[in-house]
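Please look over the structure shown below before reading the report that follows.

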Amino acid sequence: MELFETMIQHTSVRSFTAQKLTLELKQQLILAAQSASSSNFLQAFSIIAITDSKKRKTIEQLAHFSVDNGNNGEFYVFVADLNKHAQVLAQHNEPSDHLRTIESLIVATIDTTLAAQSMAVFAESEKLGVCYVGGIRNDLFKIKELLDLPPLTYPIFGLFIGYPAEKNEVKPRLPIAAMLGTNTYRALTPALIADYDKKMAAYYQQRTTNNQQAVWSEKVRHHFDSPRRQDTGDFLKEQGFLF
Ligand SMILES: Cc1cc2nc3c(=O)[nH]c(=O)nc-3n(C[C@H](O)[C@H](O)[C@H](O)COP(=O)(O)O)c2cc1C
């Protein structure tokens, strides 16, 4: 299949077969991640492969994300990482103040996300399924302890990768008219929201697993009806970021 076809057929996969990835494929996944663009070539991320079944179970529990009792699929945690750069500066007896800013945190978050998505796209091109797991941020302090995360690091998400046991139908995205502006920002309109809600209602009703009466705008409203993960700021401060 052409890469474009693979990309527009993307759906998150949450159930994997017992088929293992070869060592070569696992190495290619890491190389694909490392080959992504990187702001000022800082390469401000680390990847932690979680192979220990106890650790994996603990992470799956705190993320509310369990995959076939923890046996199937590879699981990687992507960590925004400015600790490496602090080490470089320390070797030059330079202070690390400028690593601690929101701008540096954003740079590291972008680098980490681009690396993960490069890995994900390559994985899907190899007929693997992927699912991001932002749920690892449900308990950042526990993840830090579990993975020995040093200062100036921040675990952003997990990424499951394996051979799909089942796949959902492709979720329709917002219409292009709702997100592509030309020369100026294109705002969402009530008509576009209503049209998209109709499309998503049909999708949610008809999909083969976990079908439900739902619309996108209601899910958005529900998502933001209370603050989420309120200890994120405290965690980032503990890790040495200043804002
Ligand atoms: C950063 C990020 C974090 C996510 N975290 C979770 C998660 O914790 N649990 C989960 O089941 N899906 C998670 N997902 C998957 C999204 O729910 C999914 O991508 C979205 O519903 C669109 O569906 P699709 O990927 O099948 O097209 C996450 C996706 C992203 C990009």
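## Basis of the report

A polar contact is a pair of N or O atoms within 3.5 Å; within protein, one atom must be able to donate a hydrogen and the other to accept it, and residues adjacent in sequence count only if both atoms are side-chain atoms. This is a predicted model, in which local features need pLDDT of at least 70 and side-chain atom pairs count only at pLDDT 80 or more, while totals for chains, interfaces and linings use all residues. Residues are numbered from 1 along each chain as its sequence is written, and side-chain values use heavy atoms, with hydrogens and water left out.

Ser 104 lies in helix 5, which covers residues 102-125; helices (H or I, at least four residues) and strands (E, at least two) are DSSP runs, numbered from the N terminus. A polar atom of the Ser 104 side chain is 2.7 Å from the backbone oxygen of His 98. Ser 104 counts as buried because its relative accessibility is 12%, where buried means under 20% relative accessible area, exposed over 50% and partly exposed in between (1.4 Å probe, protein chains only).

Helix 5 is also the place of Thr 112, a residue that is buried with a relative accessible area of 0%. The side chain of Thr 112 has a polar atom 3.4 Å from the backbone oxygen of Ala 44.

## The ligand site

Around the ligand there are 13 residues, and those that come nearest are His 10, Ser 12, Gly 134, Lys 171 and Arg 173; a residue is near a molecule or strand if one of its heavy atoms lies within 4 Å of it. By class, this shell has five nonpolar, five polar and three charged residues, with Ala, Val, Leu, Ile, Met, Phe, Trp, Tyr, Cys and Pro counted as nonpolar, Asp, Glu, Lys and Arg as charged, and the others, Gly among them, as polar. Strand 3 (residues 129-133) gives the most to the shell, with three residues.

A polar side-chain atom of Ser 12 lies 2.6 Å from an oxygen atom of the ligand. The backbone takes part as well: a polar backbone atom of Gly 135 is 3.0 Å from a ligand oxygen atom, and one of Tyr 132 is 3.3 Å from a ligand nitrogen atom. Taken alone the ligand exposes 620 Å², of which the protein buries 65%, as given by the Shrake-Rupley method with a 1.4 Å probe.

## Positive phi in two loops

Most residues other than glycine have a negative phi. Asp 148, which is not a glycine either, has a positive phi of about 55 degrees; Asp 148 lies in the loop between helix 6 (140-147) and strand 4 (153-162) and is exposed, with a relative accessible area of 66%.

## Separations in sequence and in space

Glu 94 is placed in the loop between helix 4 (83-91) and helix 5 and counts as partly exposed, at 46% relative accessibility. From C-alpha to C-alpha, Glu 94 and Lys 54 are 40 Å apart in space, and they are 40 residues apart in sequence.

Phe 75 lies in strand 2 (residues 74-81) and counts as buried because its relative accessibility is 2%. Phe 75 and Leu 42 are 33 residues apart in sequence, with 24 Å between their C-alpha atoms.
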